[in-house]
There are 2 protein chains.
Amino acid sequence: MAKAKTQHSGEQEGGAIRRRNEEAILAAAERVFARHGYRGASVQEIAEQAGLPKSNVLYYMGSKRKLYVRLLERMMARWNAMLDDISAEDDPAEVLSAFIRSKMLMSRRHPEGSRLFASEILGGAPFLQEYLSGELRDWVQSRAAVFREWAERGLMDPVDPVWLIFLIWSSTQHYADFEAQVLGITGRETLSDEDLERITEFLTRVVIKGCGVRHPTKAGATSVGHDPA
Amino acid sequence: MAKAKTQHSGEQEGGAIRRRNEEAILAAAERVFARHGYRGASVQEIAEQAGLPKSNVLYYMGSKRKLYVRLLERMMARWNAMLDDISAEDDPAEVLSAFIRSKMLMSRRHPEGSRLFASEILGGAPFLQEYLSGELRDWVQSRAAVFREWAERGLMDPVDPVWLIFLIWSSTQHYADFEAQVLGITGRETLSDEDLERITEFLTRVVIKGCGVRHPTKAGATSVGHDPA
DNA sequence: TTAATACTTGACCATATGGTCAGTTATGGC
DNA sequence: GCCATAACTGACCATATGGTCAAGTATTAA
């Protein structure tokens with residue numbers, strides 16, 4: 001095999017200069033790819049937004065394709081960092097609430113990354129197909145199994161867990177991906193933290209109540225989320 | 001003003017040849033724009049998919065930009081055709097159910113159009129900004145007023161109507177926009193009509209139950225969607 | 001039949017694209 | 001101070017882009 005070139009060996013090493021420039025490039029590229037998609041983005045524009053000459057971007061990233069893949073991988077890593085384990089012993093209401101909250105936070109903290117991901121899927125997921133039908137599918141199936149057990153124990157209605165996961169994904173991601181629509185319709189410049197908090201509460205409430213989630217302590221008794229305010 | 005040229009006077013007229021070719025071009029363009037975004041789409045590719053030389057596409061459509069705008073307008077027209085009037089006198093459960101169903105049908109019938117719209121919003125809605133903050137905003141506000149009145153009459157929980165509308169939009173559109181993800185994760189080739197029907201029922205149920213929608217006949221009494229299957 | 005109009009399309013143009021490369025400058029360990 | 005290596009970058013290339021145009025062919029109304 002070829003000797004690993006320092007340039008592309010990845011990971012954390014590399015001088016301070018390299019790290020700084022790569023960060024600038026990745027940030028700029030995330031914006032541009034998110035806005036225009038893979039094909040519509042140009043290396044020239046990324047370079048300008050990063051404040052570097054085009055050659056320099058290619059020097060660090062090798063190619064447009066590699067840069068794009070690296071961004072996707074970074075986004076997947078963020079995702080994976082969020083996927084805490086759950087078991088059927090946990091409180092469904094708490095798990096669903098935490099799930100919605102963390103997805104909402106992801107949309108808040110990484111809107112460009114979220115849009116980049118959306119753009120990739122929208123285009124038929126040419127780079128992410130195996131991830132979707134591999135890793136991510138396994139993750140969904142394992143969560144689905146837990147949901148199903150909750151339903152069997154009478155802790156929630158017997159809804160299809162996969163459709164439920166999609167419901168949570170779509171309704172939370174909406175605020176990053178369709179930000180332009182949300183802002184246009186609500187007539188605001190930005191969404192405040194309070195807005196996001198209220199939306200999170202709304203979504204949590206509808207999902208938990210809508211799926212008939214009950215407290216685990218008293219087996220199959222009290223319903224959750226009935227504060228009449 | 002200049003005399004209207006037959007070529008671009010729009011509307012229904014034009015020979016059979018024109019209509020046939022324009023349809024082919026529009027269909028092809030919708031696919032290509034949906035997949036690659038405005039910038040990423042090329043007239044050449046659209047022409048190939050339509051089975052015509054590039055010059056011919058430009059002959060009929062004038063320019064890439066005009067073609068794109070025309071597609072957006074066609075999609076907005078479909079949308080508007082769906083926006084039937086509602087009043088506070090209607091049954092909330094029925095209205096919400098019909099709303100979800102028709103949005104779901106739209107995702108089913110016009111997935112490319114849906115993705116085209118999504119791509120436009122994702123890119124910051126450069127062509128649709130005024131539509132969003134104008135027509136569409138008004139539409140949302142008027143529906144929101146009805147939802148609010150329902151809440152005041154005790155026919156549903158006092159949820160924020162705008163977030164509710166976004167919830168319905170996002171969760172239904174998901175099945176068109178993120179089709180690649182849905183298929184990858186569920187491991188299917190396509191979603192069947194039965195799948196769509198079940199998803200529609202699931203979403204309807206969660207929304208109606210989650211928002212505490214009640215029947216209007218008995219003022220603020222029975223809750224809806226409790227079939228324990 | 002004829003003339004006007006609609007349609008068709010290959011050649012062409014200026015510009016932008018992703019990517020290469022050679023030559024130069026800066027950096028850091030010794 | 002030395003030098004290997006990292007960092008930098010303008011010039012360049014083949015190709016693709018959106019769009020124009022002129023010269024054709026098909027269609028149709030009179």
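**Reading contacts in a predicted model**

Mentor: In this predicted model, 48 residues of chain A are in contact with 48 residues of chain B, contact being C-beta atoms, placed from the backbone, within 7 Å. Residues are numbered from 1 along each chain as its sequence is written, chains are lettered from A and ligands numbered from 1 in the order in which they are written. Local features need pLDDT of at least 70 and side-chain atom pairs count only at pLDDT 80 or more, while totals for chains, interfaces and linings use all residues.

Trainee: Which element gives the largest share of the side of chain A that touches chain B?

Mentor: Helices are DSSP runs (H or I, at least four residues), numbered from the N terminus. Here α10(A) gives the largest share, nine residues. Elements giving two or more residues to that side include α1, α6 (111–122) and α7 (129–152) of chain A.

Trainee: How many residues of each class are on the side of chain A that touches chain B?

Mentor: Ala, Val, Leu, Ile, Met, Phe, Trp, Tyr, Cys and Pro count as nonpolar, Asp, Glu, Lys and Arg as charged, and the others, Gly among them, as polar. That side has 23 nonpolar, 16 polar and nine charged residues.

Trainee: Is Tyr38(A) buried or exposed?

Mentor: A residue is buried if 20 or more other C-beta atoms lie within 10 Å of its own, exposed if 12 or fewer, and partly exposed in between. Tyr38(A) counts as buried because it has 20 C-beta neighbours inside 10 Å. Tyr38(A) is in helix α1 of chain A. Leaving out residues up to four places away in sequence, Tyr38(A) touches Phe33(A), Tyr68(A), Gly123(A) and Gly40(B).

Trainee: Which residues have the most contacts inside the largest nonpolar core?

Mentor: A nonpolar core is a set of buried Ala, Val, Leu, Ile, Met, Phe, Trp, Tyr and Cys residues joined through C-beta atoms within 7 Å. The largest has 111 residues, and Phe33(A), Ile46(A), Phe33(B) and Ile46(B) have the most contacts inside it. Beyond four places in sequence, Ile46(B) touches residues including Ile25(B), Val32(B) and Val57(B).

Trainee: Which residues come nearest to DNA strand D?

Mentor: A residue is near a strand if its C-beta atom, placed from the backbone, lies within 6 Å of it. Of the 21 residues around DNA strand D, Arg18(A), Ser55(A), Ser42(B), Ser63(B) and Lys64(B) come nearest. Elements that give two or more residues to this surface include α3 (54–61) of chain A and α4 (64–82) of chain B. By class, the surface has seven nonpolar, 11 polar and three charged residues.

Terms used
Contact = placed C-beta atoms within 7 Å.
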